[in-house]
Every structure is written in C-alpha cells, then in structure tokens.
Amino acid sequence: MREPYDDRPGRARTVTRRQALGIGGALGLVAAGGLSASAALARRTPFTGAELRSAVPLPPAFQVPLPLPSVLEPVSTSGGVDRYEITQREATVEILPGVRTPLWTYEGSFPGPTIESRRGRPVTVTHRNDLPVPTVVHLHGGRTPAGSDGYPTDLVLPKGWPDAAHVTHAGPGGPGHVMHDPRAVVTELSRDYTFPLDQRPTLLWYHDHRMDFTAPAVWRGLAGLHVVRDDAEDSLGLPAGRRELPLMIVDRAFAADGGLDYPALDPTSRERPGVREPYLAGVLGDVILVNGAPWPVHEIDAARYRLRVLNASNARHYELEAITDDGHRLDLVQIGADQGLLAAPVVHRFLPIAPAERYDVVVDFSGVPVGGRVRVVNRLGSGRTRDVMAFRVAREATDDSRIPRVLSTDLPTWCRSDAVRVRDLSFRAGRMHGGHGWLIGGLPFAPARSDVTTGFGDVEVWRLIADVHHPVHLHLVGFLVLSRRDRPPLPHDAGLKDTVSLRPGESVEIITRFDGYRGRYLFHCHNAEHEDMGMMANLEIV
C-alpha cells in the first residue's frame, strides 16, 4: 500500500519505494537488499540508534538505593506567583559507585530539583547560566506563552560568550551553513520563564532545548521534573506521599575516566553540532539510570504505589514489565498520560514508552510476600539493558488508597467533524546541506520559515507517517490519538498526550485544538539526535 505524503508540510504526494528505503545506507536503518518497501518498513525493530559501550566496570543491578529528586523551595510566594531560582552549573556527581562523573546540571544535581505547583497558580523560574555554552529551557508539556516556551534560538548566553550581539546558529550542516533567526530573543546570563500552569494536573519535565545541541546537553544532565496538582486529583484517594514515586528513566554510557561518553563531533558543544556517523539514528547507552542511579532498588510497603514514569532517554524505547522473582507479572494500571488523568483506568501487562512520553501507573504490591522482589524490566532491552530497577517489599502495611472507576471528566471530546483541516506530515531520513539529516515533510528545520500556520482555536487532524521510530512532540497543546495504521488506537494511546510514538512504517492520526496562546511554537521528533539534525518544524498560531 502506498502512503500519500509530500515533501512539504501539509501537502500530499506518494512516497516511492526508493524514498521509503532511502533511510538505509550510511544511516544503517533499513537493510533494503531483497526486501519490498512494505516488508522493510513493517519490521518492528526494538530501537532506532546505535549503542555505546561503557569503558568502566559496571555495578551489579539492584544494589544502589533509588534516589528521589529534591523538591525546590520557592524564593517568594508573594502576589499570587511562586518564584524559583535555578542555576545551571557544572558539577561532579557519583552516579556509578566510587566513580566521579562531571555533569551539566540544574542546581548541581541529576535529575535537577523537582518543582511542585498548583493548577492555575503561576510560576516564574529565573534560570542563571553558569555553564560554558548557551542554553534554553523548555517546560515539556506546559501550556506556556511563546516567550517562555523555550524556542531553540531564544538563548541564554553565559558570561563572556563571544559575539553576544550577533548570535547565529551553525545548523546540522556544520559551520558553513549558518542560520540567523531575526525573531530570536537572546539574553545574557539569566532569563525569567513564566508558566501560568492553567492546565490539567500532570507530570511535566524541563530540559535544555538549544538549537542543534539539545541531545548532548540533555545527555550531560540538563533535565528535571515539574509536577502540577489540583484539589480534584488530590481528592481521588490515589497512592500519595512516600507511595507516589517519580521515576525518570534514562540510558547513558561511561568513558574510561568516569565521564559520560557521547559521540559528539564537537565535545565542547560550542560550534559544530552532530554525532559520529554510526550514531546518526540515535545514541543509546548501556547503563540504565532511574533518577540518576544505575539499576536501583527501592524498599516498599506491601501496598499500592503510584509510579510517575518519564522516559527522558535521548533515543531508547522501553517496554516496561513488572515481574516477581518467581515469574508472576503484576498489572500496570494506567491512570494518566502525558497531559494528565485518563477518564478511567486502563490495565496493562506491559507498557511501551518512547522518549519524552510519561505514564502515570499504579502497581499493587500487596500480594508480594515480605522479602519478595519485583523487577521492572525492559522487554526491548538485551543483556544489562533488559533490567531497569527493582522493588523489594520490606513490610506489611495498611493501605487506604484506591483507584476510582472514574478518574476525570474534563478530557476533550474532539471528533473528526470538528476539524477545519487535515494535514499530512512525513517524518523520515533525508539529505540536508550535503549530508545526512532528519526531515519533516522533506525539509530540515529553519527557524525563519513558517511550516504550519493555524488559527487560534482551530481544531485539526494531523496524519503522521514514519520511516523508523519517531516520538513526535507538539509544543503548547495536548492531543488525542485517533488511529494507528488506519485502525483504532492501542490501549496505551488513551488520554490526552503531547508525545506520540511512531513505529517503523507506521501512520498515526491525532486531533487537537490550537488554543492557549498565540505565537511561534514547535513540533518535532523527540529522538534528541533526530531533533538536532533537522527534525523540527515551526508552528504559528495566529
């Protein structure tokens, strides 16, 4: 079957067999020899990317205690606004036992400190950049005015950065392909980001979003959590307090000196973006970290726990499963998605999660005997990357938590007949500036070009098609998944999302309403290497 897509955003054209298989060659993504296009694209490879191997001895799994990120205290709560200050700085942290690892951090820790906020109460975060490179902060999943959304050219420059008045961007083609953004708002040393947070309660996360260098910055440690709560969710009786656990899952690799290994063309992240050719499809590590600890273990009660799971990996996909040591699989009861609570719980045996996706799940450990262990494994992993973390039941306990049959009643009810237009958008590998890149609608990212323009309040259906794995993220708005491969969405597609995982050769339809704020936003692949190599596009809401 031939899929209708164009080289330009929002237009239709047929993808030829040669185009479909053009993701192979030096990128090493599809072995085309002897395969039809449909067969090549239908292959469900477990990952897109290449794995780095650590050069230091790695600890055994399930020995390091699970850390819990600290909660940041506001410096002021006056005037109905909670104000925070975060310094971005270099720090040396013990991630592997006995090994010191230099990182780029928010407030000296990885993950950065968690911000806890209330729905509708504005938050202002002053970020100070004491790192050796420019930065940008994006609150992923936030309904944020354009000026605080973290557009990739709205840089915060470190002190003494050369040519501060004339900032240009090399672009994925290298220093010879300079792009200037006349709309960029550049500040020196610090910037205030204001988040109204007039949105459903959910788990958000903040991370660096600097143009061309997001992948190495996040890999080095620039990521943290932001939780939005409200009274309605608090009243549901879900597991709370120490039985609510944020779990930021990432993969990393370690060099012989204990530092993080990353195949950057420019290890300083100052001038030349991109990675070495074997890693163009994405960088995978051989160490799984949860909240910054390798394969950790957490002591728990024999009770229900709420797990707020984020895949903050650059490129690795996971398929999570909870298994006791005697082989019994525990249900993963999903209660929320990227953008908050579902209408009703959905029970999974295993849960696929792509980069930037979040799942809110409840696991009942009451049937596990004291002393018993539950491993969280990645069904897509192999060797050491099959293990993620473990829970050890330490004690019997009373448990008055519950999972209501009705979780929320405020999900949008958009349907196809509401849409004022339908757009077709392809996400695939291609050539850019004479080299390899990743394209949306056949085009690499250009900050000065408008790719999609929509009216404020318009409802649209987008049909997305992938060559390989592409987790597609829309800034500002949440969306509903209408279909996969012209069939009903999968169980894990439930709820309001802001990131959807496209699998190889797959088409997915989503529907959304472009409201909240006018201005310039983005949509892009959240495989961070793809994003840095051109797979972003502008979204103008007018």
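A salt bridge is taken here as a side-chain nitrogen of Lys or Arg within 4 Å of a carboxyl oxygen of Asp or Glu. By that criterion Arg421 is bridged to Glu460, with 2.6 Å between the closest N and O atoms. The structure is a predicted model, in which local features need pLDDT of at least 70 and side-chain atom pairs count only at pLDDT 80 or more, while totals for chains, interfaces and linings use all residues. Residues are numbered from 1 along each chain as its sequence is written, and side-chain values use heavy atoms, with hydrogens and water left out.

## Salt bridges

Over the whole structure, the search returns 45 salt bridges.

| Asp515 | Arg143 | 3.2 Å |

Helices (H or I, at least four residues) and strands (E, at least two) are DSSP runs numbered from the N terminus. The salt bridge between Asp515 and Arg143 links distant parts of the chain, 372 residues apart, with Asp515 in the loop between strands E33 (507–513) and E34 (519–525) and Arg143 in the loop between strands E6 (137–140) and E7 (156–157). Both of these residues, Asp515 and Arg143, are buried, where buried means under 20% relative accessible area, exposed over 50%, and partly exposed in between (1.4 Å probe, protein chains only).

Asp301 counts as buried because its relative accessibility is 0%, whereas Arg242 is exposed, with a relative accessible area of 55%.

Arg421 is partly exposed at 31% relative accessibility, while Glu460 is buried at 0%. Elsewhere, salt bridges with shared partners join Glu116, Arg229, Glu233, Glu244, Arg306, Arg308 and Asp360 into one network.

## Surroundings of Asn129

Asn129 lies in strand E5 (residues 123–129) and is buried, with a relative accessible area of 1%. Leaving aside residues up to four places away in sequence, Asn129 touches Gln88, Pro134, Thr135, Val156, Leu157, Pro158 and Leu189, a contact being heavy atoms within 4.5 Å. The side chain of Asn129 reaches the backbone oxygen of Val156 at 2.9 Å. Asn129 is also 6.0 Å from Ser190, C-alpha to C-alpha, although the two are 61 residues apart in sequence.

## Sheet and nonpolar cores

Two strands pair if DSSP finds at least two bridges between them. An open five-stranded sheet with mixed pairing has the order E28-E35-E34-E30-E32, and its edge strands, E28 (452–454) and E32 (499–502), each pair on one side only. Strand E30 (residues 470–474) runs antiparallel to E32 and is joined to that strand by four bridges, and Pro471 has Ser501 in E32 as its bridge partner.

A nonpolar core is a set of buried Ala, Val, Leu, Ile, Met, Phe, Trp, Tyr and Cys residues joined through side-chain atoms within 4.5 Å. The largest such core has 99 residues, and those with the most contacts inside it are Trp462 and Phe523. Beyond four places in sequence, Phe523 touches residues including Leu425, Phe427, Trp462, His473 and Met536. Another core of 25 residues lies apart from the largest one, with Ile86, Trp104, Tyr106 and Val136 among its members.

Technical notes. A polar contact is a pair of N or O atoms within 3.5 Å; within protein, one must be able to donate a hydrogen and the other to accept it, and residues adjacent in sequence count only if both atoms are side-chain atoms.
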